[in-house]
Amino acid sequence: MAETLAQKIVARAAGRSSVEPGELVTCRVDLAMLHDSGGPRRVAPILERLGVGLWDPSRVVLVSDHYVPAVDPESARILDLTRRWGRAHGVARHYDMLGICHVVLAEHGHVRPGMFVVGGDSHTPTAGAFAAFAMGVGASEMAAVLATGEIWLEVPETLRILLDGRPGPGVVAKDVLLALCRMIGLGGAGYRAIEYGGEGLAGFAMEERMTLANMAAELGGITGLVPPDRRTLAWLERAGVSLGEAELTRWRSDPDAPVAATLRLELDRLAPQVAAPHGPANAAPVDEVEPVPIDQAYIGACTGAKLVDLRMAASVLRGRKVAAGTRLLVAPASARVWREAAADGTLATLTEAGAIMLPSGCGACAGYGAGVLAEGEVCIASTARNFKGRMGAPSSRVYLASPLTVAASAVAGRIADPRPLLAERREPEPIGEEAARVG
Amino acid sequence: MSAELEGRAFLVGDDVDTDLLAPGAYMKGPIEELARHCLEALDPDFARSVRPGDILLAGRNFGTGSSREQAAQALSVLGIRAVVARSFAGIFYRNALNLGLLAVVCPEWDGIARFDRVRLDPRAGRLVHLASGRSFACRPIPGHLLEMVESGGIVPWLERRLAARRAEGAR
């Protein structure tokens, strides 16, 4: 029986030779990721009540990224509690203020093809860029996973999304996702597994694939999968994980595997997208969006502040300045992104243009950290969500776009198309891992 | 918990997200404080208007967004006994059941006004509007999940399972 990639991973984790969509199964978890917000402070009391410890500390990764750095005694207490809990339970892998969990997992090679990953965060599907079945859960369910190493699951159907052609200048993974949100609606995937495919997929750098997988959350997928290829192996190699070519054929859907639906997107016909307040599905081509003046431009979050994202912003900002009356805030997604962006000159380009640098962490995206909005303020952000009040005051308004469009808007002081600014450059700048990597 | 419940209907629309249900600014503090701000960006009087026993009737994709289970917990703290929605975001649905809050999919409900009385049978999968007598089909909650919800959620349920396992081992 032909199977999808999602079925193959779930079957392996369930200890079965095969599974069918709709079946209820219990999966063994290969990796459990928890962070400071939904992690120890919520799961510790539950584990105490159950009178159990961790089923396997070597399969647990702890990341402090939501309340970092502490801004008041309460956030300091949460971070302190997180550190103590990690030490007390023998969690060797605690990434403390080193970046946003989903990016940190990828940087350290913790997520690999065929793995079954559970994370205490809705953007856990980011790991699907590496062909891991990765799903987000709440704290009580995470506590149950930590106690037993198991989770129940209804085997999902697959929604296949085929990316055809090549994106034109100024169009990147974020634009693909905003267009998909408009096409199927917020949550339109109905908790199916999303699997990307099509000949256009090969052209996306790993960090761009992470954006595709990340926003499976907004599409409503239980997970978002990208089948592995040579780029996947090269990224993992750099992270210290050597995998054979056999993994490439093992972890992909059978060609005739039945799927719930197939969606096609023609990349060459796609324009840069902007999602209006207050939802990612309110997306439209940038030239159809009113050039609203903006108070703040924000490059941050797991969705929009990886090295590739910072390089995109720099490609627009080089030799230009942020408009008077507009502020550009940049919170690199991890400590490694900081180092690499410093080494290749990206940071200098951003700060020379007038960007204000913020610490790595979830930050303003979820209204937790520095960079939140006042009543009535307008922001354009490279983040995944623009729900009402999420980034600050309830009457603030957030537009979503790619780092290119956010940077172009920062220069214009209003929502702006990055394409004219990019066209003024003689040579397009390489932004993926093809560009020389340092560090 | 009895199989059927009856209560006042409280209505919300489509795509009610977790930032509305559990605003980020209150996530550090105690759940009782957070619950007072539940849905305030949508309706500043929400926390004051709901009464224990109310049943929340929602549109599609209820609970979209974050994995923060405080979104479901805040509704429980305010006394809401069940959420009936045309559809749910997957993580919210799991969180609700895991916390002992009934979450029932009812694709076609209509003609019910705020504060009308409704009766919900999660086992049979039926929502009844008492004033008109109209009945709407819901997706029944599978037996093993209903058992978990009725025991108060995944933690009490797991507590019992672990205790049974220990008793077995002691014998």
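**View 1. Helix 6 of chain A and helix 7 of chain A lie roughly parallel to each other, because an angle under 35 degrees counts as roughly parallel, one over 145 as roughly antiparallel, one of 65 to 115 as roughly perpendicular and the rest as oblique.** This is a predicted model, in which local features need pLDDT of at least 70 and side-chain atom pairs count only at pLDDT 80 or more, while totals for chains, interfaces and linings use all residues. Residues are numbered from 1 along each chain as its sequence is written, chains are lettered from A and ligands numbered from 1 in the order in which they are written, and side-chain values use heavy atoms, with hydrogens and water left out. The axes of helix 6 (residues 173–184) and helix 7 (residues 206–214) of chain A come within 9 Å and cross at roughly 15°. Axes are lines fitted to C-alpha atoms, for helices over the stretch in contact, with angles from 0 to 180 degrees between N-to-C directions; helices (H or I, at least four residues) and strands (E, at least two) are DSSP runs, numbered from the N terminus. Helix 6 of chain A supplies A:Ala173, A:Lys174, A:Val176 and A:Leu177 to the contact, and helix 7 of chain A supplies A:Glu208, A:Thr211 and A:Leu212, where contact means heavy atoms within 4.5 Å. The residues of this contact divide into 4 nonpolar, 1 polar and 2 charged; Ala, Val, Leu, Ile, Met, Phe, Trp, Tyr, Cys and Pro count as nonpolar, Asp, Glu, Lys and Arg as charged, and the others, Gly among them, as polar. Helix 7 of chain A is mostly covered, with 9 of its 9 residues buried, a word that means under 20% relative accessible area, whereas exposed means over 50% and partly exposed lies in between (1.4 Å probe, protein chains only). Among these buried residues of helix 7 of chain A are A:Met206, A:Arg209 and A:Asn214.

**View 2. Helix 2 of chain A and helix 3 of chain A are oblique to each other.** Helix 2 of chain A, which covers residues 40–50, packs with helix 3 of chain A at an angle of about 50°, and their axes are 9 Å apart. On one side of the contact are A:Pro40, A:Arg41, A:Val43, A:Ala44 and A:Leu47 of helix 2 of chain A, and on the other are A:Ile78, A:Leu81, A:Thr82 and A:Trp85 of helix 3 of chain A. Sorted by class, the contact of these two helices has 7 nonpolar, 1 polar and 1 charged residues.

**View 3. The largest nonpolar core has 107 residues.** Such a core is a set of buried Ala, Val, Leu, Ile, Met, Phe, Trp, Tyr and Cys residues joined through side-chain atoms within 4.5 Å. The residues with the most contacts inside the largest core are A:Trp85, A:Phe116, A:Leu146, B:Phe46, B:Phe62, B:Leu75 and B:Leu127. Helix 5 of chain A (residues 139–148) gives the most to this core, namely 7 residues. A second, separate core of 68 residues includes A:Val241, A:Val286, A:Ile294 and A:Leu404.

**View 4. The backbone of chain A has a cis peptide bond from A:Val68 to A:Pro69 and another cis bond joining A:Pro277 and A:His278.** At the bond from A:Val68 to A:Pro69 omega is near -25°, and A:Pro69 is found in the loop between strand 3 (60–64) and helix 3 (73–88) of chain A. At the bond between A:Pro277 and A:His278 omega is about 0°, and A:His278 has its place in the loop between strand 12 (273–275) and strand 13 (283–285) of chain A.

**View 5. A:Ala131 and B:Asn61 have a positive phi although neither is a glycine.** For A:Ala131 phi is about 60°, and this residue sits in the loop between strand 5 (116–119) and strand 6 (133–136) of chain A, where A:Ala131 counts as buried at 0% relative accessibility. For B:Asn61 phi is near 60°, and B:Asn61 lies in the loop between strand 2 (55–58) and helix 4 (70–77) of chain B, where B:Asn61 is buried with a relative accessible area of 3%.

**View 6. B:Leu39 is buried, with a relative accessible area of 1%.** B:Leu39 lies in the loop between helix 2 (31–35) and helix 3 (46–49) of chain B. If neighbours within four places in sequence are left aside, B:Leu39 is in contact with B:Val12, B:Val16, B:Leu20, B:Leu21 and B:Phe46.
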